[in-house]
Amino acid sequence: MNKPNNPIANTDRRDFLKVSLGLALSSSGSISMMSLASAEASGTLNAYVNINVDGSVTIYGPNPEVGQGVNTSLPMIVAEELDAKWEEVRCAAAPVQQQYGMQFAGGSLSIPMRWDEMRKMGATAREMLCRAAAKQWGVPRDELTTADSTVQHRSSGNVAHYKDLVAAASLISVPDEADVRLKQPEQYRLLGKRISNASAEGIATGTEIFGIDARVDGMVSASFVKCPSIGGVAKSANLEAVKALPGIIDAFILDGTPGPYNFNIRESHAIQSGVAVVGKDTWSTFKARETLEIDWDLSAASQDDSDAIEAEALAALAAGKVETEIERAGDVETAFANAAITADATYSTDFVSHAQLEPQGVLVSAATSTVEVWTSSQTPVFIRSNLAKLLDVTPGNITVHQLRGGGGFGRRLSNEYIFEAALISRRVGAPVKLQWKREDDMAFDYFRAPTYYRLQGAVSTDGQLTGWKNLVAAASADGENANYGASYRPYDFPGKVIPNVAVEQSFVRSQTPTGAWRAPISNVYAFAEQSFIAELADTVGQDHRDFLLNAIGDKGWIKEGDMASLNTARARATIEAVTKAAGWGRELPDGHGLGLAFFLSHSGHIAEVAEVSVEGKNITVHDVWVAADVGQVVNLSGLENQLQGSVVDGLSTMAAQRISIKNGAVVQSNYDRYPLLRMPQSPRVHVEVLNSGFRPTGAGEPALPPLAPAVCNAVFNACGERIRALPISKEGFTIV
Amino acid sequence: MTSITINGKQHSLSSIDPTMPLLWALRDHAGIQGVKYGCGVGQCGACTVWLDGFAVRSCQLTIGALEGRAVTTVEGLAGATLHPVQQAWIDHDVAQCGYCQAGQIMSAAALLERNPSPTDDEIEAAMAGNLCRCGTYVRIKSAIKAASGAMTASTLFYNAMEAEQASA
């Protein structure tokens with residue numbers, strides 16, 4: 001047990017400072033008492049659960065909140081096992097500390113990675129409160145029940161609120177794990193219900209603090225201008241002229257780190273070279289940078305041209321150029337030789353940007369060896385170690401304050417803007433608020449990689465899909481390894497389901513940095529695979545739904561117990577549910593079409609149907625139906641929101657989002673030429689959640705991949721045109 | 001120096017560049033941070049505020065041109081209780097990341113102030129300037145309809161009260 005005066009940190013959560021006495025329970029099972037005095041001190045907190053004197057319960061969410069709802073859903077899991085009264089629960093962001101483990105938001109992993117831990121935290125706290133009550137009342141523990149933040153003893157009529165038990169509970173030794181009973185799903189009171197986001201009121205009233213909103217006394221503003229051609233190095237600039245401008249405090253060159261700028265979020269603290277402009281406020285720096293004249297050394301800069309990358313990739317696929325093998329099963333050559341029907345089609349996708357609404361912005365105080373960071377990073381867990389190396393300070397002297405992120409989608413997994421701000425802060429000797437312009441954010445992203453797939457299918461005389469070939473053309477900086485997010489990963493379908501499969505790869509040189517963009521690889525591969533399945537069904541004259549179900553088959557769970565693995569029963573259930581909801585096979589108005597797609601990614605089995613109508617090249621997406629199985633539902637409202645949002649985001653991206661590269665530089669600079677979907681283009685979205693009872697998995701990503709193929713399959717059924725490139729604007733189509 | 005009213009309070013913004021957009025004057029000099037920076041070119045709507053009751057993009061207005069004008073931000077929208085649009089946003093659990101929502105709310109509230117019972121097409125037209133990367137349009141539309149119902153009901157109530165008082 002920790003000492004009673006265990007100090008705590010988390011100074012940016014005002015509500016926590018109201019705590020005067022609490023039960024703190026760490027992931028290692030220790031508990032501590034805390035006084036108000038210690039709460040105001042800085043130090044370390046080992047806590048997920050805090051029962052406050054006013055009876056409210058503060059529950060800490062350890063993972064970053066970037067819109068996926070984890071600052072509500074993770075505390076809900078604790079509250080369920082604790083039997084805390086939800087109306088009196090305060091959800092708070094946990095401080096960034098080693099004891100909270102992997103504090104990051106990515107891979108739709110927050111819920112599955114914390115599920116056991118959060119349940120145990122709640123259940124152990126509940127057990128201790130019950131034992132305290134049993135002792136106090138002199139009754140057997142087993143006669144006690146809990147509800148609404150109270151312990152109850154039915155036969156005596158005793159009832160005690162948790163706040164009146166916490167002091168005694170905190171003196172009890174932590175129960176053995178074996179003595180802590182977790183609830184059975186049928187006992188859940190909270191999980192599976194629709195709960196409004198814990199920050200809903202703060203957001204609606206403008207009081208929620210995002211990364212961009214961090215301020216401290218004495219801070220200065222900074223803007224950082226990098227070479228448009230990725231990897232160019234600033235040689236000289238008219239720094240004296242810029243420094244003389246009103247509101248400008250300093251201007252200087254940062255040398256940067258030589259490229260290529262790989263997506264190495266764990267270990268990299270690389271930044272690109274550029275010129276920092278430091279001023280008294282944001283606008284002064286934005287205005288001053290317009291007068292900057294920088295002489296760039298382009299000798300190491302990227303020469304990428306996205307049109308050339310695409311041409312090279314398509315030529316490689318057409319020529320069948322194979323450089324490496326990714327996956328092989330059965331005897332593909334024989335399957336194709338014996339096929340009754342074969343098909344062959346090539347699909348292409350472009351670079352896209354994250355374009356999250358909050359551009360990168362961070363506050364860093366690194367003037368001395370004691371460093372503080374206020375950020376909406378998706379990987380706070382990796383900030384301290386990398387900053388320590390960059391600034392040559394000890395990790396223990398770095399404090400990271402995690403703030404809400406204005407969208408993540410993978411963009412905030414890399415922390416290079418934090419490293420830029422740290423170097424600028426160190427140079428000027430003051431806390432620095434670095435604000436990227438939207439134009440910076442779009443030009444210096446870790447983009448979704450362009451990837452190209454040539455798919456071939458073999459169907460036997462009895463209509464079975466017996467052979468599958470996939471030749472991938474992947475962007476690669478070194479010609480030997482695919483860049484992050486390019487290429488293909490062996491999926492259970494088709495690899496473990498279709499008897500004869502070959503997946504091979506060819507590389508296209510590209511220096512443009514790429515990274516994780518919502519549902520990496522799946523976000524482009526699903527478009528190719530699920531469009532091609534529909535093409536095959538059409539070629540052999542079968543109903544697409546029947547052909548898809550037949551192709552998936554009924555092998556059951558490909559890897560028993562692995563939530564990430566295909567479970568054909570779960571897949572079939574979502575396909576059957578979504579086609580039923582959408583009225584698959586019904587008579588449609590002229591010019592309308594229904595399209596279906598299924599995809600498993602990030603452990604989510606998701607099927608979607610789109611209804612579109614097409615007039616010329618104008619596509620109206622009227623309705624999208626989603627059937628999702630992500631296991632046990634935690635927050636139904638949050639889950640439905642993610643499903644609805646993924647549909648809109650998927651449509652937004654497939655419509656006209658394309659980053660073009662010329663001379664190593666990004667052509668698009670803002671939302672005018674990189675359009676996000678607007679409300680008039682947005683379809684009705686109908687979601688059906690299949691509460692299958694499996695372990696819960698994440699919902700931030702898996703509903704996005706099936707959207708593009710569902711819409712393209714619907715377009716084909718509406719007008720007979722097969723779209724094989726994303727964005728569809730490249731083939732002249734517009735979402736209206 | 002520019003003197004403007006922000007959420008009902010007089011502010012004198014001294015030693016400020018008159019070409020500074022209202023957005024940055026609010027955020028960096030008036031302590032109003034509910035208004036968000038998204039694009040700086042009037043494309044995304046995250047910086048939407050009211051100028052004399054009309055929804056505007058604060059990144060597109062220079063502070064020097066606003067002498068004597070009245071600005072309302074999301075922080076100033078609620079009276080004794082939340083504005084019906086704010087309440088509807090909470091009830092419908094609209095937000096995901098929430099970054100664009102202050103702008104969405106200011107556009108929606110401006111619409112309903114002038115047109116308490118908009119059609120679907122009118123809602124879409126009024127909200128077309130506000131982007132949401134999280135894709136919460138489905139819920140935004142539902143919330144606006146709910147707020148419309150609440151506001152129409154309260155307008156009818158007050159109209160009836162006024163008519164009663166007039167006849168008394």
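**Questions about a predicted two-chain model**

Colleague: Why does Ser108(A) count as buried?

Modeller: Ser108(A) has 23 C-beta neighbours inside 10 Å. A residue is buried if 20 or more other C-beta atoms lie within 10 Å of its own, exposed if 12 or fewer, and partly exposed in between, with C-beta atoms placed from the backbone. Ser108(A) is therefore buried. Since this is a predicted model, local features need pLDDT of at least 70 and side-chain atom pairs count only at pLDDT 80 or more, while totals for chains, interfaces and linings use all residues. Residues are numbered from 1 along each chain as its sequence is written, and chains are lettered from A and ligands numbered from 1 in the order in which they are written.

Colleague: What is the phi of Ser108(A), and where is this residue found?

Modeller: Phi of Ser108(A) is near 50 degrees, a positive value in a residue other than glycine. Most residues other than glycine have a negative phi, and most peptide bonds are trans. Ser108(A) sits in the loop between strand 5 (89-93) and helix 3 of chain A. Helices (H or I, at least four residues) and strands (E, at least two) are DSSP runs, numbered from the N terminus.

Colleague: Asp392(A) has a positive phi too. Is Asp392(A) buried or exposed?

Modeller: Exposed, because Asp392(A) has 9 C-beta neighbours inside 10 Å. Its phi is about 55 degrees although it is not a glycine, and its place is in the loop between helix 10 and strand 18 of chain A.

Colleague: Which peptide bonds are cis, and what are their omega values?

Modeller: One joins Phe493(A) and Pro494(A), with omega about 10 degrees; Pro494(A) lies in helix 13 (residues 492-495) of chain A. Another runs from Leu726(A) to Pro727(A), with omega near 0 degrees. Pro727(A) belongs to the loop between helix 18 (707-719) and strand 29 of chain A.

Colleague: How do helix 2 of chain A and helix 3 of chain A pack?

Modeller: Helix 2 (residues 70-82) and helix 3 (residues 110-137) of chain A pack at an angle of about 35 degrees, with their axes 7 Å apart. Axes are lines fitted to C-alpha atoms, for helices over the stretch in contact, and angles run from 0 to 180 degrees between N-to-C directions.

Colleague: What is the handedness of the crossing of these two helices?

Modeller: The crossing of helix 2 of chain A and helix 3 of chain A is right-handed. A crossing is left-handed if the near helix is turned anticlockwise from the far one by less than a right angle, and right-handed if clockwise.

Colleague: How do you know that strand 24 of chain A pairs with strand 25 of chain A?

Modeller: Two strands pair if DSSP finds at least two bridges between them. Strand 24 (residues 604-615) and strand 25 (residues 618-629) of chain A have 11 bridges, in the antiparallel sense. Val612(A), for one, stands opposite Val621(A) in strand 25. Their hairpin has two residues between the strands, and Gly616(A) there takes a positive phi near 65 degrees.

Colleague: What makes strand 25 of chain A and strand 29 of chain A a pair?

Modeller: Two bridges join strand 25 to strand 29 (residues 734-735) of chain A, and these strands run parallel. The bridge partner of Ile619(A) is Ile735(A) in strand 29 of chain A. Strand 25 of chain A also pairs with strand 28 (residues 684-689) of chain A, in the parallel sense over six bridges. There, Ala628(A) has Val689(A) as its bridge partner.

Colleague: Why does the radius of gyration of chain B agree with a compact globule?

Modeller: With 168 residues, a compact globule would have a radius near 15 Å, and chain B has 17 Å, which agrees. The radius is taken over C-alpha atoms, and the globule rule is 2.2 Å times the number of residues to the power 0.38. Of the 168 residues of chain B, 54% count as buried.

Colleague: How many residues does each chain bring to the contact between them?

Modeller: Chain B gives 46 residues and chain A gives 49. Two residues are in contact if their C-beta atoms, placed from the backbone, lie within 7 Å. On the side of chain B that touches chain A, the largest share, four residues, comes from helix 5 of chain B.
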